[in-house]
Amino acid sequence: TGLLTKKKTVRYLVYLLLVCMFAVFVIKLNQVEKTELVVRTGQTFEKAKVVKILQDNLEENGTRVGEQKVRVRMLTGVRKGEELDITSSSGYLFGAACKPGMKVIVMQSVAGDSTVASVYTQDREGIIYIFAIIYLLALCLIGGKQGIKGCLGLIFTFFCVIFVYLPLVYLKYSPFWTAVFVCFITTLVTMYLIGGATKKTCAATLGTLAGVVLAGISAWCFSKASGISGYNVSDIETLMTLWNTNRIQVGGLLFSGLLISCLGAVMDVAMSISSAIDEIYKQNSSLTKKELFKAGMRVGRDM
């Protein structure tokens, strides 16, 4: 019992050391000096609440034309607490069909006592948080202990994309290989959280990494054969600003996005097959590796 306790203590200390090393790495990584990509001097985005519709733009046929004139109460920014009369366009991308009580994001420019402002979009922050919490709670309630571990894996993956992937790309590293690195780290952590230090976890991890790398190689080969590159996208003119100002390799963003987006599906398939074969072996340990491999292939084909 004492030996077992000692092993657990050593294992937890190793985990703690790895977490501390990763935390130091992330903190150092995010100390990179960032230049402003889009100059918005004097312009801010603030939260506000619609108080009154001064002039509506709703037509008799139900469509909206032109702009609404609305009165809003500012909730943040230098005009916090004040009521402003501003406009809201009828576009699908910018503006919002305002109603009294609706929370909106206001784009404002303040110069002394003068304020120029308009409704940028509806404020959806609260709704996003509510649905995210509902999803995580459902995952925990249905999945139990495994669901909680899955939540931790999701949070860690999101954390890595924001605080590891983006800073590395900003430091001019290849977006493709940065995505491979992020996929590797998130796969190791997520698989360990779900399956522990077992052969099943090792098999699922290796399968995931192999699948992600093959997806990347396939995308690269298709790009070379078809002449489609990361520059053949609708927002390339905006993205080229990143290259001109910071020499960020925008061409690799497309394929890095493919790798990260396929990670969840590949991880799901890899763990499902590994778990199925592990259960088969536990029920019948006399099966050979060749028989288990064939069983895994049959499961994989159906999946």
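**Helix packing in the predicted chain**

The chain contains 7 helices and 5 strands. Helices (H or I, at least four residues) and strands (E, at least two) are DSSP runs, numbered from the N terminus. The model is predicted: local features need pLDDT of at least 70, side-chain atom pairs count only at pLDDT 80 or more, and totals for chains, interfaces and linings use all residues. Residues are numbered from 1 along each chain as its sequence is written, and side-chain values use heavy atoms, with hydrogens and water left out.

Along the sequence, the elements follow the order α-β-β-β-β-β-α-α-α-α-α-α. Of the 303 residues, 28% count as buried. Buried means under 20% relative accessible area, exposed means over 50%, and partly exposed lies in between (1.4 Å probe, protein chains only). The chain exposes about 19,800 Å². Carbon and sulfur atoms supply 65% of that area. Areas come from the Shrake-Rupley method with a 1.4 Å probe; for residues, only the protein chains shown count as cover. Among contacts with a separation of 6 or more, 58% join residues 24 or more positions apart. Contact means heavy atoms within 4.5 Å.

Two packed helices are described by the angle between their axes and the distance between the axes. Axes are lines fitted to C-alpha atoms, for helices over the stretch in contact, and angles run from 0 to 180 degrees between N-to-C directions.

Helix α2 (residues 125-170) and α3 cross at roughly 160°, and their axes come within 9 Å. The two are therefore roughly antiparallel. Angles over 145 degrees count as roughly antiparallel, under 35 as roughly parallel, 65 to 115 as roughly perpendicular and the rest as oblique. The crossing of α2 and α3 is right-handed. A crossing is right-handed if the near helix is turned clockwise from the far one by less than a right angle, and left-handed if anticlockwise. On the α2 side, the contact residues include L152, F156 and Y165. On the α3 side, they include F181, I185 and T190. By class, this contact has 15 nonpolar, 6 polar and 1 charged residues. Ala, Val, Leu, Ile, Met, Phe, Trp, Tyr, Cys and Pro count as nonpolar, Asp, Glu, Lys and Arg as charged, and the others, Gly among them, as polar.

L152 belongs to α2. L152 is partly exposed, at 45% relative accessibility. The C-alpha atoms of L152 and T190 are separated by 7.9 Å, although the two residues are 38 apart along the chain.

Helix α3 (residues 175-195) also packs against helix α6 (residues 253-283): the axes come within 9 Å and cross at roughly 20°. That makes α3 roughly parallel to α6. This crossing is right-handed. F176, V180 and M191 are among the α3 residues that meet α6, where the partners include F255, L259 and M267. The contact of α3 with α6 has 14 nonpolar, 5 polar and no charged residues.

Helix α4 (residues 199-226) packs on α6 at an angle of about 145°, with the axes 8 Å apart. The crossing of α4 and α6 is right-handed. In α4, the contact residues include K200, G207 and G211; in α6, they include F255, L259 and D278. These residues divide into 14 nonpolar, 7 polar and 2 charged.

In the strand region, K49 lies in strand β1 (residues 43-55). K49 is partly exposed, with a relative accessible area of 35%. Not counting residues up to four places away in sequence, K49 touches R71, V72, R73, L75, G101, M102 and K103.
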